[in-house]
Amino acid sequence: MSIGTPRLLTAGKSSILVETDSPTETLGLVEQLRRCPPSGMIDFLPAETTVMIFARPDADMSALRSEIGRLSLTSTSILEHAQSDDVVIVPVHYDGEDLAELAHITGLSVRDIIARHTDELWRCSFIGFAPGFSYLSPTSATPWTIPRREQARPSVPPGSVALASRYCAVYPRSSPGGWQLIGRTDMQMWDIDNDPPALVQPGRVVRFVDADKS
């Protein structure tokens, strides 16, 4: 796959919005920003195909743009992450309210859905919707294409593990939601007393395990 060139847009006096061609390129840029922070950068905020970069008020924005433009968008191999201690293991009770409906939609059995979910390595693309709500992308070549519910729930319990489109997520707190619920976890995804508060940061790898499997 070819790697594109990031597009840099001015976003105020001390911010730069970087556009990429794919979530994979966004993750590559995030890795580079963490490993080699450009001079003058104080923080950054990734989304699916953009990264907002915040600079000090006295930063040389021209030099910062040049430095960002030279960064590689190639993401580290998922195998490198999977073999490190950085993988977050999330035990799940697979008793979600939408499992039976998902089996009907996908043509898979409930057992097959659980097996595919636990066999997959997931990687956080970005955080959005709510604090600690990490959008997890599958790392295999087989895409997940899960439709959202026709009617959103007014309240989804915290710890709910859900699928929608090509993403998986764990609801960090009670909130409305239209994703398909497949299970629940007791792990706390967001804790304001931790640094960082979100358990799963962009680029981090997650593996789900069946908490009820002996």
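## Overall architecture

The structure is a predicted model. Its secondary structure consists of five helices and 13 strands. Taken along the principal axes, the box filled by the C-alpha atoms of the protein is roughly 55 × 35 × 35 Å. The radius of gyration is 18 Å, which agrees with the value near 17 Å that a compact globule of 214 residues would have.

Of the 214 residues, 47% count as buried. The protein exposes about 11100 Å², and carbon and sulfur atoms supply 51% of that area.

## The enclosed space

Rolling a probe the size of a water molecule over the atoms shows where empty space is left. In this model the count comes to one cavity of 30 Å³ or more. The largest cavity holds about 50 Å³ of space.

Which residues line the largest cavity? They are L102, T106, L108, I113, R116, W144, I146 and L163. By class, the lining has six nonpolar residues, one polar residue and one charged residue.

## An open pocket

The second largest pocket contains about 160 Å³ of space. Its lining is made of R34, M41, I42, D43, F44, L45, P46, I127, Q201 and P202. Strand β3 (residues 41-46) supplies the largest share of this lining, six residues. Sorted by class, the residues that line the second largest pocket are seven nonpolar, one polar and two charged.

## Backbone features in the loops

The peptide bond from D195 to P196 is cis, with omega near 0°. P196 is placed in the loop between β12 (180-184) and β13 (205-210).

F129 has a positive phi, near 70°, in a residue other than glycine. This residue belongs to the loop between β6 (122-127) and β7 (134-138). With a relative accessible area of 53%, F129 is exposed, because the cut-off for that class is over 50%. S165 also has a positive phi, about 55°, although S165 is not a glycine. The loop that holds S165 runs between β9 (160-164) and β10 (167-170). Its relative accessible area of 43% makes S165 partly exposed.

Is W190 buried, partly exposed or exposed? At a relative accessible area of 29%, W190 is partly exposed.

Not counting residues up to four places away in sequence, W190 touches P131, G132, P172, P197 and A198. W190 and V200 are 10 residues apart in sequence, and their C-alpha atoms are 8.7 Å apart in space.

A63 is part of helix α2 (residues 61-69). Its relative accessibility is 38%, so A63 counts as partly exposed. Along the chain, A63 and S39 are 24 residues apart, while a distance of 8.2 Å separates their C-alpha atoms.

D86 is located in the loop between α3 (78-82) and β5 (88-92). This residue counts as partly exposed because its relative accessibility is 34%, a value between the limits of 20% and 50%. When neighbours within four places in sequence are left aside, D86 is in contact with R204 and V205. D86 and R148 are 62 residues apart along the chain, and their C-alpha atoms are separated by 30 Å.

Technical notes:
Residues are numbered from 1 along each chain as its sequence is written. This is a predicted model: local features need pLDDT of at least 70, side-chain atom pairs count only at pLDDT 80 or more; totals for chains, interfaces and linings use all residues. Side-chain values use heavy atoms; hydrogens and water are left out. On a 1 Å grid over the protein atoms alone, a cavity is a set of points where a 1.4 Å probe fits but cannot get out, and a pocket is an open set with protein on both sides within 12 Å along at least five of seven lines; lining residues have an atom within 4 Å of a point. Grid points are joined across faces, edges and corners, and a volume is the space filled by probe spheres set on the points. Ala, Val, Leu, Ile, Met, Phe, Trp, Tyr, Cys and Pro count as nonpolar, Asp, Glu, Lys and Arg as charged, and the others, Gly among them, as polar. Helices (H or I, at least four residues) and strands (E, at least two) are DSSP runs, numbered from the N terminus. The radius of gyration is taken over C-alpha atoms; the globule rule is 2.2 Å times the number of residues to the power 0.38. Buried means under 20% relative accessible area, exposed over 50%, partly exposed in between (1.4 Å probe, protein chains only). Accessible areas come from the Shrake-Rupley method with a 1.4 Å probe; for residues, only the protein chains shown count as cover. Contact means heavy atoms within 4.5 Å.
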